[in-house]
Amino acid sequence: WLRAFEASARHSSFTAAAQELNLTQAAVSHQVRSLEKHLGVMLFERLARTLRLTEMGTAYLPPLRRAFDELTAATSGLFGPIGKHTLVVRAPVSFASLWLAPRLNGFHEAYPQVGLRIVSAVWSHPTDNTVTADVDIRLGDGVWPGYRAELIAQWPAIVVCRPDRKPEGANAMRLGTLAQSSLIRVTGYEDLWQRLYRAHDIALPSTQGVDVDTSLAALELAASGFGPTIVLSGLADAHIASGRLARAIDETLSVDMGHYLLTPDGARRQRPESILFRTWLKGELARDSTRVV
């Protein structure tokens, strides 16, 4: 009954659900009606050429999908998928290089039977539409037509510089010292320097800096001694932990954008491997969130 309801809701059609489940259209319709009778509510409006979820059906579908995903993840985690499977993960290049790559060995050790292919994208709307990702991670405002977006990380921004260039004194004094350096600006976050200096009533320095299109490039430039930069805190962890960079000031800046896990609105169900990866990924991010920024 539950499987018939979930598939019918995903396809908005008893006929398409029947093809997926290897049943007749009549059998799927009967199973959904049996579920509705058991629950005592209507889950669908039967229209001429399609199905439309009722208010109760709309409320019931998300927890049911989560339950199916948890069951799939538990089954695959305990018994493993059959054969070798390659999971395609698409992520922003800075997230993939700076946050994901140092942790991927943990996933590989837990699920050695799952192969991985990492596809990096600089922009939130990947230009390579020939790659179908099993797991799609994007940075943005959470609005992508045709996708459901789940926020998984929204880090504040921090100012970092090479440790031997770290200024002393109060934050305002440090900003004055940083103004004498060449500022590194990351495309998409150009306003953060303005916000920071405006908050301290300090004129934004006219020093000619440099603009880069990834946080990865900004961090490497800063580590080389070019100047300070502002990046998302979660992306700077490895550079700070290794001593290549240090927090230049104590403040953090809120950022509207976040990293999201995207799921197509289409009819395709997630593969068991992608559910395993998503569960692992959210667990790693949850552990990160407990640390002090």
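Helices (H or I, at least four residues) and strands (E, at least two) are DSSP runs, numbered from the N terminus. The model is predicted, with local features needing pLDDT of at least 70, side-chain atom pairs counting only at pLDDT 80 or more, and totals for chains, interfaces and linings using all residues. Residues are numbered from 1 along each chain as its sequence is written, and side-chain values use heavy atoms, without hydrogens and water.

Start with the largest pocket. A pocket is an open set of points on a 1 Å grid over the protein atoms alone, where a 1.4 Å probe fits, with protein on both sides within 12 Å along at least five of seven lines; lining residues have an atom within 4 Å of a point. The lining has 31 residues, and Asp69, Arg148, Thr263, Gln270 and Arg278 lie nearest the centre. Helix 4 gives the most, six residues. By class, 16 are charged, nine nonpolar and six polar. Charged means Asp, Glu, Lys and Arg; nonpolar means Ala, Val, Leu, Ile, Met, Phe, Trp, Tyr, Cys and Pro; the others, Gly among them, are polar.

Now the second largest pocket. Its volume is about 300 Å³. Helix 5 (93–100) and strand 5 (135–140) each supply at least two lining residues. The lining counts eleven nonpolar, eight polar and one charged.

Terms used. Points joined across faces, edges and corners; volume = space filled by probe spheres on them.
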